[in-house]
Amino acid sequence: MTTRIAVIGCGQWGQNHVRTLKEIGALAAISEGNAERASGLSQRFEIPARSMEEILADPAIYGVVLALPPRLHGPTARAAFRAGKDVLIEKPIALDLADAEETARVAKAENRLLMVGHVLRFHPVFEALDALVREGRIGDVRHIVSTRMGLGRFLGMDAVWDLAPHDLSLVLHMAGSPPETVETLRRTVLSDETDAADIGLRFANGLTGEIHVSRISPYRDRRFSVIGTKGMITFDDLAPEGQKLALYAHEVWREGAHFGFRSADADYQPTEPGLPLDRELRHFIHCIETRAQPRTGAAEAVETVRLLNLASPRAA
């Protein structure tokens, strides 16, 4: 592996990047403000812990992964672009639209790659679902439902900003265009911010979507469903292997003034093995090496921040 990547920010999710890049053979260095954590990771993965300035000045490092608090993503990414680095930024890339747009502008001006860490886009089960839908297996797509519920984290960011970027990225990809309208019902229950929310989306072609997120649910639910005119398909991330992707040949049709319907048992579809984060990072490396545009690039990163602000406006 000749492409060398550094990770800046080694909290819980940043450490997953560190471990995965080490396994791939592409980890060059880490940068972490917590000295004790930096030392421990440096010893564990036999990799140097360096300052951000040292990493950006090193011509042997081609790209960086940013897993920082979101308010720091924009300034750090822009410094990296100006230093000639390609950047994978964890979601969200910013907390306001102007900051996100400025990051995308600098990436373009410096001719660098901006990729956002929408890791579920690289899940092999979602990729299989996407392929089946585009083959026409469920007819014309009419509606999308995404659910992400459980007892979550309370880290100074509300449930919409913490959880919904995953679902928005999946819905945006399936829809192929930004929504025309966004409607949100938010609920503050056990904290001082939004703990649960229902987000409704409507697109120009008549397609609709709904996203349900909650960090106060007594049970976990991670499902993504697409409803079409000839069937329905569901990606259940918590289902056992071999049952994560289910095709239902359900149908609904008009009978005069009424409607008829037919239900069917789940037809479980085969999927490839593979870890989403490994596939995401290999895609990032591929883009660095070939200069191909990332699947989750600047336009999607900015649009997601725009929708998050519409769904759950942040106080100025």
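Predicted model: local features only at pLDDT ≥ 70, side-chain atom pairs only at ≥ 80, totals over all residues.
**One aromatic pair and its setting**

Me: How many aromatic pairs does the count come to by the ring rule?
Reply: Side-chain values use heavy atoms, without hydrogens and water, and residues are numbered from 1 along each chain as its sequence is written. Rings of Phe, Tyr and Trp (its six-membered ring) pair if their centres lie within 6.5 Å; planes under 30 degrees apart count as stacked, over 60 as edge-to-face and the rest as tilted. By this rule the count is 1 aromatic pair.

Me: Which residues form the aromatic pair that is edge-to-face?
Reply: The ring centres are 5.7 Å apart, with 75° between the planes. The partners are Phe126 and Phe224.

Me: How far apart in sequence are the parts that the pair ties together?
Reply: Helices (H or I, at least four residues) and strands (E, at least two) are DSSP runs, numbered from the N terminus. Phe126 sits in helix H6 (residues 124–134) and Phe224 in strand E10 (residues 216–228), so the pair links parts separated in sequence by 98 residues.

Me: Is Phe126 buried or exposed?
Reply: Buried means under 20% relative accessible area, exposed over 50%, and partly exposed in between (1.4 Å probe, protein chains only). Phe126 has a relative accessible area of 1%, so Phe126 is buried.

Me: What share of the 316 residues in the protein is buried?
Reply: Phe224, at 2% relative accessibility, counts as buried too. Across the protein, the buried share is 51%.
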